[in-house]
Amino acid sequence: MTRLSVPKTYKLAIGGAFPRSESGRTYEVLAADGGFLANAAKASRKDARDAVVAARSAFAKWSGATAYNRGQVIYRIAELLEGRRAQFIDEISRTEGVSAAEASAQVDLAIDVWVWYAGWADKYAQVAGNANPVSGPYFNLSVPEPTGVVAAVAPQGVTGGSLLGIVSVVAPIILTGNTVVVVADETAPLSAISLAEVLATSDVPGGVVNTLTGSPAEIMPWLAAHADVNALDLAGAGSLDGSSGASWVDLQLAAAETLKRVLAPVAGVPRPALERISAFVETKTVWHTKSML
Amino acid sequence: MAFLEYAPAPESASILNLKAQYGLYIDGEFVDGGGEVFDTISPATEQVIARIAQADAHDVDRAVAAARRAYETVWSRMSGSDRGKYLFRIARLVQERARELAVAESLDNGKPIRETRDVDVPLVAAWFFYYAGWADKLEYAGLGPNPRALGVAAQVIPWNFPLLMLAWKIAPALAAGNTVVIKPAETTSLTAMLFAEILQQADLPAGVVNIVTGPGSTGQALVSHDDVNKVAFTGSTNVGRMIARQVAGTQKKLTLELGGKAANIVFDDAPMDQAIEGIVNGIFFNQGHVCCAGSRLLVQETVHDEVVERLKERLSTLRLGDPLDKNTDIGAINSAAQLERIRTLSDTGENEGAERWTADCRIPEKGFWFAPTIFTRVSAAHSIAREEIFGPVLSVLTFRTPAEAIAKANNTPYGLSAGIWTEKGSRMLALVDQLRAGVVWANTFNRFDPSSPFGGYKESGYGREGGRHGLAAYLEASGWDAPAGLGSASAPAALVTAPAAGASGAAGAKAAGKPAKKSTRKGAAK
């Protein structure tokens, strides 16, 4: 006799909580074979704005944590992901229609990407910072600091990317102390929400990663124009061609109004790279006067 | 002669050998422009110094074509060490002609000769000298083992430090292997023309640097030109926004150095003599025409009266007048338009309830002048506490606790610079961490050095100029190989990242912009 399963309700992840969309809207997530998987929350403008408030509130504590601490928290994400791999393999293989072995390989990569970035947390400032030999009695130091709140689009509809895509976008953003509002893969959002559950139990403070499901073409324009968002990661926005809402160029135009930093779209899943960390930091240079002895 | 009264000591303008009219500098030669020739005047006397050619869209096109040709045929093929040698030559020629450049700059811009002679021009030489040495060491810049030049750089610079901003733009661009088309500000083209003569003396290959003069429309034609790979702009935040819009969706790399409204924070335990000099230098240096000027003074309440009294005393000793006089502290406002803006904002400050004090000094009859002014009783909501005045006007606000100082300092959409005055090192370091600003001066202000990165947070722009970080604005990172097992051989083919959107050429936005999708699932409807 087979047991009747208990399916999960997939919701948004905002400020450490898992609310439904305030709009009450949902959309059907289908398996690769067309079968019904879940009703995902279809995030609204209000949800996006709430997520920015949560991200901004979380910024002081997360960016103020020591780099060693952030590194350990991010490493712990990898640990917990490892422990829940069966769930992710199941979700990936059903949404992407790939074999369990392929899904497993993707989970491996996602875990390893977290580990790779975790190690950067307390080294990045050493690589990106600089002591500057100025002509005068000053101790002059440049250090990288997080930009602030970043709005990101996870890779959309990439085979092999429903988990790895969002991980590859979020990890380099948060490791320096930024907080993020990320719009998940529209057609394969299940792993993104399950990942949010992993984050919630990994000592990542609430509000550091806020995950929205729904239409990036609908949600992103509000985030791109939001005055309290400092930067955009358009990694997965290349598929937004304007046919159903905003194109990625529209997003960049909106971002210009508040002079946001913008990282351009990529095809596929962004590869782990120092440049993805550097895209969301500011360089602060301090001149300390040396006294005369 | 009374105390602190000096006899005039004007620097002789006879060192200059100016032409009556300057052309555009394109492909190594001075040529006529298609637009109407315009006058450049001395803001101190309103007399015409020289006539300047105006570049129209066709001239901009010619200049970009020359830069492209020079990039393809000469500059990108030259060894880094040879590029460096040209830059060293330029640095030396600037030093040799330093006094001439300083006099020309003071004449054309209105800033005191003491500043052009001791700050602007020495820094110009230092900038070229610093970046010259980078030209053959780019693989050490932290951008991967083989960073690549971008191509043709379009650069638009402001009128407040005409030659220095030119150096900030050209030196790193050439060191990194790019060629340049640069547009000086409309009111301050003169030293760029002298710089073109220096390039001829240096025998820099034709087309590597092209200078197009003219108004804002010339700059617009330049930054929106299809065949430029890089846009660098220093100027107002509003124009910066416009440029960011124009560049959106293209492959052009953009750096912006925009406005500021810096907080200069003075604690009650500050070294007060130095602090007073620092506050004065912070806002009255270069008539306050400085994007990183310390225009918002945040004083701890307990020392507010003392600081304001001492400031007034000090400002009363500043000499305003002939920019070419070696004793002059405050020169002329650069243009009638800027003077009007300073007057309007100052009047608004008064109307909104702030208390105005102006130094008692004689204002020359001709020219554009504004006496050093302090506003007290300023609240965070006043226009003069929020908007960039870009003139010799200081707004004084108070605070009680460090937390209040931080909150007030960060209460602005800008984030270019800040200052802290305290003898308590631990407090200063803690405060530095909290300030959202790209440059922080601790017990000093308005220091610049080619090795020190400069640039803003938030709406003060993005990218850095100066130092190792300044090179990143003109290079494409080659990147390091992806870590083994993460996206290289072992990763599924679908995961290998293609270059960012439409990597070839700088064609129009939507056409070129859309990245090729490597692999997209089908089915999976909404």
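Modeller: Helices are DSSP runs of H or I with at least four residues, strands are runs of E with at least two, and both are numbered from the N terminus. The model is predicted. In these terms, Gly177(B) is found in the loop that links helix H5 (162-175) to strand S8 (179-183) of chain B.

Colleague: Why is Gly177(B) called buried?

Modeller: Burial requires 20 or more other C-beta atoms within 10 Å. Gly177(B) has 22, so the residue counts as buried.

Colleague: Which residues is Gly177(B) in contact with, leaving aside neighbours within four places in sequence?

Modeller: They are Trp75(B), Ser76(B), Arg83(B) and Ala149(B). Gln47(B) is 130 residues from Gly177(B) in sequence, and their C-alpha atoms are 40 Å apart.

Colleague: Where does Asn446(B) lie, and where is Lys458(B) found?

Modeller: Asn446(B) is in the loop between strand S18 (439-442) and strand S19 (461-462) of chain B. Lys458(B) is also placed between S18 and S19 of that chain, in the loop.

Colleague: Are Asn446(B) and Lys458(B) buried or exposed?

Modeller: The cut-off for burial is again 20 or more. Asn446(B) has 22 other C-beta atoms within 10 Å, so it is buried. Lys458(B) has 25 such neighbours inside 10 Å and therefore counts as buried.

Colleague: Why are the buried residues of H10(B) said to line one face?

Modeller: The buried residues in this helix are Val307(B), Leu311(B) and Leu315(B). Seen down the axis of H10(B), its buried residues fall within an arc of 60°, so they line one face. An α-helix has 3.6 residues a turn, so residues three or four places apart point the same way. The face turned away from the buried side of H10(B) carries the exposed residues Asp305(B), Glu309(B) and Glu313(B).

Colleague: Which domains make up chain B?

Modeller: Chain B is divided into domain 1 (14-258 + 466-474) and domain 2 (263-449). Their C-alpha centres lie 30 Å apart. The contact takes 19 residues from domain 1 and 20 residues from domain 2 of chain B. Helix H3 (98-109) and helix H4 (113-134) are the elements that give two or more residues to the domain 1 side.

Colleague: What makes the radius of gyration of chain A agree with that of a compact globule?

Modeller: A compact globule of 293 residues would have a value near 19 Å; chain A has 20 Å, which agrees. Buried residues make up 60% of chain A.

Technical notes
Residues numbered from 1 in each chain as written. Chains lettered and ligands numbered in written order. Predicted model: local features only at pLDDT ≥ 70, side-chain atom pairs only at ≥ 80, totals over all residues. Rg over C-alpha atoms; globule rule 2.2 N^0.38 Å. Buried ≥ 20, exposed ≤ 12 C-beta atoms within 10 Å, placed from the backbone. Arc of directions from axis to C-beta. Contact = placed C-beta atoms within 7 Å. Domains from an automatic or database assignment.
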